[in-house]
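Reader: I am new to this structure and would like a close look at a single part. Please take me through the disulfide and the core around it.

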Amino acid sequence: MALLPLIAATAAATAPAPPAEDRALFAAFKGVCANVRKLDAMEHAARRGGWQAVQPSAHPNLDLLITKGIADSKRQEPDATFTGSQYRRQIGSRTLWLVLSRYRDKEGYWSNGCRIYHFEAAAPLPLAELTALMGKAPTGSVPLPEDQVKHLWEPGWKSGHSVEVSYVTGNDPVSRRFGLKGQVLMAQAIGGF
């Protein structure tokens with residue numbers, strides 16, 4: 001794994017510039033999710049960035065992610081609180097879904113999440129392109145079901161949060177149960193220690 005950042009950086013240096021639609025996707029992602037430590041700042045950035053607030057029922061996969069995700073979390077941590085919001089935005093040919101969330105347990109530990117889902121994505125974004133869009137090579141990669149990979153940047157754009165980008169075919173049992181499918185871009189921050 002130590003060679004992965006070097007290989008990715010070399011590939012990014014020789015790769016053509018990412019397509020305009022992918023650059024727009026990442027600009028929208030960073031425009032909201034760079035604020036991941038503060039839920040209200042993310043919500044403000046989403047509205048300012050042209051994202052339209054929606055209910056979970058706006059898309060079947062979104063509904064499964066929100067309702068089943070919260071229900072499972074509440075079963076595991078009945079005293080925890082969950083807040084957040086969902087949005088939709090069209091960027092080029094992509095319909096994107098933004099989920100902002102905050103989890104807080106009874107001891108005061110918290111986790112904020114900022115996720116963009118492109119449920120209809122047919123293929124992952126290439127690693128060289130992700131490296132160029134993030135401005136640096138990933139710090140690691142984790143295997144996912146069906147030979148897919150999640151790329152990690154720790155820290156993400158700034159200290160105190162992480163960024164993950166993955167592609168999920170949606171055919172494994174867990175993905176089907178939670179409606180997880182397509183391209184997923186995520187920033188996360190934790191605190192309260």
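Author: What follows describes the disulfide, and then the nonpolar cores.

The model is a predicted one. One disulfide is counted in it. Cysteine 33 and cysteine 114 make this link, with 1.9 Å between their sulfur atoms, and a pair of cysteine sulfurs counts as a disulfide within 2.5 Å. The link between cysteine 33 and cysteine 114 is left-handed, at -70 degrees about the S-S bond. It joins distant parts of the chain: cysteine 33 belongs to helix α2 (residues 20-33) and cysteine 114 to strand β4 (residues 110-118), with the two cysteines 81 residues apart. Cysteine 33 and cysteine 114 are both buried.

Cysteine 114 also has a place in the largest nonpolar core, which holds 32 residues. Together with Phe26, Val32, Trp51 and Leu98, Cys114 touches the most other members of that core. At least two core residues come from each of α2, α3 (39-48), β2 (81-91), β3 (94-104), β4, α5 (127-134), β7 (162-168) and β8 (182-191). Helix α2 gives the largest share, six residues.

Leaving aside residues up to four places away in sequence, tryptophan 51 touches Ala28, Val32, Ala46, Tyr87, Arg88, Arg89, Leu96, Trp97, Leu98 and Ile116.

Conventions: Residues are numbered from 1 along each chain as its sequence is written. This is a predicted model: local features need pLDDT of at least 70, side-chain atom pairs count only at pLDDT 80 or more; totals for chains, interfaces and linings use all residues. Side-chain values use heavy atoms; hydrogens and water are left out. Helices (H or I, at least four residues) and strands (E, at least two) are DSSP runs, numbered from the N terminus. Buried means under 20% relative accessible area, exposed over 50%, partly exposed in between (1.4 Å probe, protein chains only). A nonpolar core is a set of buried Ala, Val, Leu, Ile, Met, Phe, Trp, Tyr and Cys residues joined through side-chain atoms within 4.5 Å. Contact means heavy atoms within 4.5 Å.
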